[in-house]
Amino acid sequence: MANAGIQLLGFTLAFLGFIGSIASTAMVEWKASSYAGDNIITAQAMFEGLWKSCVSQSTGQVQCKVYDSLLQLPGIVQGTRGLMLASVLLSFIAMLVEVVGMRCTTCMAGEPQQKDKVALAGGVIYIIAGLLALVGTSWYGHRIAQEFYDPFTPTNSRYEFGSALYVGWGAACLTIIGGGFLCCNCSSDGSGKSPRYPPTRSAGPSGGDYV
């Protein structure tokens with residue numbers, strides 16, 4: 001029988017990764033204006049996310065603007081949007097599958113082997129979702145680093161990693177680890193196993209008849 005404790009731990013980690021992926025996708029600080037170098041104007045800080053950009057004034061006032069057109073967005077933003085939304089959707093599907101397949105639930109209680117297979121499928125979906133989030137955040141972060149070290153990028157136009165990237169990386173790792181626990185938690189109860197030793201036959205009547 002699969003270990004319900006390991007399943008619950010894996011589900012908890014993956015669920016936290018699911019929440020973190022949603023938070024990272026919604027956050028605006030995917031990249032933040034850099035203060036490295038000389039002649040940097042610090043009167044305002046600029047942040048850009050997947051859905052809008054914000055400007056924070058030194059007085060504490062924050063102004064945000066939602067992106068007007070989807071088609072005019074850079075390819076990196078469109079691609080990262082798709083990867084993160086796909087990750088969130090797959091994590092939600094995996095969560096529903098795990099509710100059926102986990103040992104601590106009553107669904108399919110009469111079919112333990114099928115229940116383990118459902119839990120395994122949910123773990124695989126969680127791993128795929130985590131990989132999608134990891135690819136999306138790493139791709140976006142690589143582009144930020146590439147533009148930062150580009151000598152042709154103006155100093156005032158350089159950006160650094162925002163807090164949303166760190167949240168996304170952490171969420172992706174939690175989702176992958178949780179899915180790994182769910183996949184490694186294989187069934188050890190072979191209800192269909194054949195016995196190791198053949199059953200002993202009871203001694204029957206001897207071939208000769210005695211009066």
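Residues are numbered from 1 along each chain as its sequence is written, and side-chain values use heavy atoms, without hydrogens and water. Because the model is predicted, local features need pLDDT of at least 70 and side-chain atom pairs count only at pLDDT 80 or more, while totals for chains, interfaces and linings use all residues.

**Helix 1 and helix 4**

Helices here are DSSP runs of H or I with at least four residues, numbered from the N terminus. Helix 1 covers residues 4-26 and helix 4 covers residues 163-184; their axes come within 7 Å and cross at roughly 155 degrees. Helix 1 is therefore roughly antiparallel to helix 4, a term for angles over 145 degrees. The axes are lines fitted to C-alpha atoms over the stretch in contact, and angles run from 0 to 180 degrees between N-to-C directions. The crossing of the two helices is left-handed, meaning that the near helix is turned anticlockwise from the far one by less than a right angle. In this contact, 14 residues are nonpolar, 10 are polar and none are charged. Here Ala, Val, Leu, Ile, Met, Phe, Trp, Tyr, Cys and Pro count as nonpolar, Asp, Glu, Lys and Arg as charged, and the others, Gly among them, as polar.

**Aromatic rings**

A pair of aromatic rings is described by the distance of the centres and the angle of the planes. The structure holds seven aromatic pairs (rings of Phe, Tyr and Trp, the last by its six-membered ring, with centres within 6.5 Å; edge-to-face if the planes are over 60 degrees apart). Two of the pairs involve Trp169.

| Pair | Centre to centre | Angle between planes |
|---|---|---|
| Phe161 and Trp169 | 5.7 Å | 85 degrees |
| Tyr166 and Trp169 | 5.7 Å | 80 degrees |

Both pairs in the table are edge-to-face. Tyr166 and Trp169 lie in helix 4, three residues apart, about one turn of the helix. Phe161 is partly exposed at 33% relative accessible area (the range between buried, under 20%, and exposed, over 50%, with a 1.4 Å probe and protein chains only). Trp169 is also partly exposed, at 22%. Elsewhere, Phe11, Phe15 and Phe18 form one aromatic cluster.

**Charges over rings**

The charged end of Lys31 sits over the ring of Tyr159, 4.7 Å from the ring centre (NZ of Lys or CZ of Arg within 6 Å of the centre and within 35 degrees of the ring normal). Arg158 lies over the face of Phe148, 5.6 Å from the ring centre.

**Ile127 and Cys183**

Ile127 belongs to helix 3, residues 112-148, and is partly exposed at 25%. Ile127 and Cys183 are 56 residues apart in sequence, with 9.1 Å between their C-alpha atoms.

Notes. Parallel < 35°, antiparallel > 145°, perpendicular 65-115°, else oblique. Phe/Tyr/Trp six-rings, centres within 6.5 Å; stacked < 30°, edge-to-face > 60°.
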